[in-house]
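Here are a few exercises to work through with a structure on your screen. Grab a pencil, try each task yourself, then check the solution.

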Amino acid sequence: RAVYQVCSKTCQTSSSQLPGSTCGPALVTCLQSMRRLVIVSVLTLIFVLSVLVNDIERPFARSLVVCDTDVDASPHDGLPSGSKMCGDRLFVIGEGSRFSGAGQSLEMFCSGFTTLLIAAISDRFGRRITILLCVTALTLSCCLFVSAAVVPSWASWFFIIGQGLQGFLNVDMLIALITTDLAQLSGADGPAIFTFKEIAVNLGELLGGLPGAGIQAQELQDYFHVWVGILALSVLTLMFAFFFPETRPNTSVPVPSSLGAALMAEFRSYQRLLTTPVIRWMLLQSILFGPLWNFVDIFPAMLMAYFGYSQSEVTVRFVAWTVLSLACTPLCLAACGPLGYRRAFNNIWRFRLVQLFLIGPAIATHPGALWTFLVVHSVLGGQVAIDEAIRAKVVGTVLSAKFVAMDQMCSQFMSSVSAYTYGELFDAKATSYVARTSSVLFCLAFLASGYAVYCVKVAPTFAVACDELTEAESEESTSTKKD
């Protein structure tokens, strides 16, 4: 109502200055602009908060490591260990990685499990209620982190359960679901909307990463006051989420009468999805690509343990990498204009293979290879948006939201396995090539299998969808020139 009143006053002022003009179109335009602004603002704030929490979790996990080595006045190699309860820096890095890996594994498992629940709740009660419930889970998670900083004897339980609660936020699922809603609106430019989503995500990573970087650069060993501040921010985010507008599209599909009916409808929708062969292969591809989504998370520990970087040095460089990723996100979409979607997407895949299988095996032994890998990763970051737009075209409007949910669920379950595996395989004191690169080889083995599935079973269908997107964009460009 408040938004409507603001737009009405603006409209009345404009119509009074222009005799004979009507207020209806201006009011509609104002309301649509305000609606988009609120959607982007709420989602960006939620994503910023989730990035901030995730950035601080890893050093926070290291601060909880306990060992028999005293923290003396001369830290290892002139660098602090990261824990006031253990003076062995490499042990703290290794145990902190395992600790964080276990928590992240639980978080990803909960994300995959709640994907089904989120989809059911959003269909039954709407996207707004889902947003409120998810931000509430994040607020409870921050409460447990505050408790972990206060009660050392229960710190491990509070940390793991708190990180598990973050899985109920499932911010990637929320953003993907709402982006799909907006892309399905009449006259919407799907690829542009998904690309804008990737830009907003990278911007959120930057806005959340900057304060996170400042906190990490201080090499803190007590995070109580940090988590109190983040808890206050999460409460404000929860209050702001009450203003989120409903984005659930109006379709001919009836709204379920209860949550149980919504869950059964979800299962039936998934059964419909699995009856289509190409969708089954796309979901298998998502499962096999799962280890890639949290692969970069092990890089900070590698840099600190294998190449002697301090936590603050790693933080500053990763902030620069985030800025680069934000700047490079539109490049893939820009290449689709002159080259066409099929040719551009195929070329992007060729560069991706070079990144993964030529540079990837050397990242644990040469810091230059690791940073080159990340730079190429930034340049090719827009591939995700193009891939999502193509998948939405293949699946169609009716099953698009269900496919997004199931696709996210498959990826998150596999990411849960890979997060735990990365933590177990990582050895901060390793010296041999095999010991250092075991986690890298684990990831590349799955990615090779996923790419084989893509080439044999998915690529032909994607090629047709790419041609349709190119044709639609060409028609739109021709129509714009005529106008």
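**Exercise 1.** Which residues does Gly 167 touch, not counting residues up to four places away in sequence? Then work out whether Gly 167 is buried or exposed.

*Solution.* Keep in mind that this is a predicted model.
Step 1: leaving out residues up to four places away in sequence, Gly 167 touches Glu 107, Cys 110, Ser 111 and Thr 114.
Step 2: find Gly 167 on the chain. You'll see it in the loop between helix H5 (155-166) and helix H6 (171-183).
Step 3: the relative accessible area of Gly 167 is 0%, and buried means under 20%, so Gly 167 is buried.

**Exercise 2.** Check whether the length of helix H10 (residues 277-288) agrees with 1.5 Å a residue.

*Solution.* Step 1: the expected span is 1.5 Å times one less than the number of residues.
Step 1: H10 has 12 residues, so it should span 16 Å.
Step 2: the end C-alpha atoms of H10 are 17 Å apart, which agrees.
Step 3: while you're here, pick out the buried residues of H10: Val 278, Ile 279, Met 282, Leu 283, Gln 285, Ser 286 and Leu 288.

**Exercise 3.** Where does Asp 407 lie, and which side chain does a polar contact of 3.2 Å join to that of Asp 407?

*Solution.* Step 1: Asp 407 belongs to helix H18 (residues 397-425).
Step 1: its relative accessible area is 15%, under the 20% cut-off, so Asp 407 counts as buried.
Step 2: the polar contact of 3.2 Å runs between the side chains of Asp 407 and Arg 391.
Step 3: setting aside residues up to four places away in sequence, Asp 407 touches Arg 391 as well as Met 282, Leu 283 and Ser 286.

**Exercise 4.** How many residues does the largest nonpolar core have, and which helix gives the most to it?

*Solution.* Step 1: the largest nonpolar core has 109 residues.
Step 1: helix H2 (residues 24-63) gives the most, with 13 residues.
Step 2: both domain 1 (37-245) and domain 2 (276-475) supply at least three residues each to this core.
Step 3: among the residues with the most contacts inside the core is Met 302. Beyond its neighbours within four places in sequence, Met 302 has contacts that include Phe 307, Leu 370 and Phe 426.

Notes. Residues are numbered from 1 along each chain as its sequence is written. This is a predicted model: local features need pLDDT of at least 70, side-chain atom pairs count only at pLDDT 80 or more; totals for chains, interfaces and linings use all residues. Side-chain values use heavy atoms; hydrogens and water are left out. A nonpolar core is a set of buried Ala, Val, Leu, Ile, Met, Phe, Trp, Tyr and Cys residues joined through side-chain atoms within 4.5 Å. Buried means under 20% relative accessible area, exposed over 50%, partly exposed in between (1.4 Å probe, protein chains only). Helices (H or I, at least four residues) and strands (E, at least two) are DSSP runs, numbered from the N terminus. Domain bounds come from an automatic or database domain assignment. Contact means heavy atoms within 4.5 Å. A polar contact is a pair of N or O atoms within 3.5 Å; within protein, one must be able to donate a hydrogen and the other to accept it, and residues adjacent in sequence count only if both atoms are side-chain atoms.
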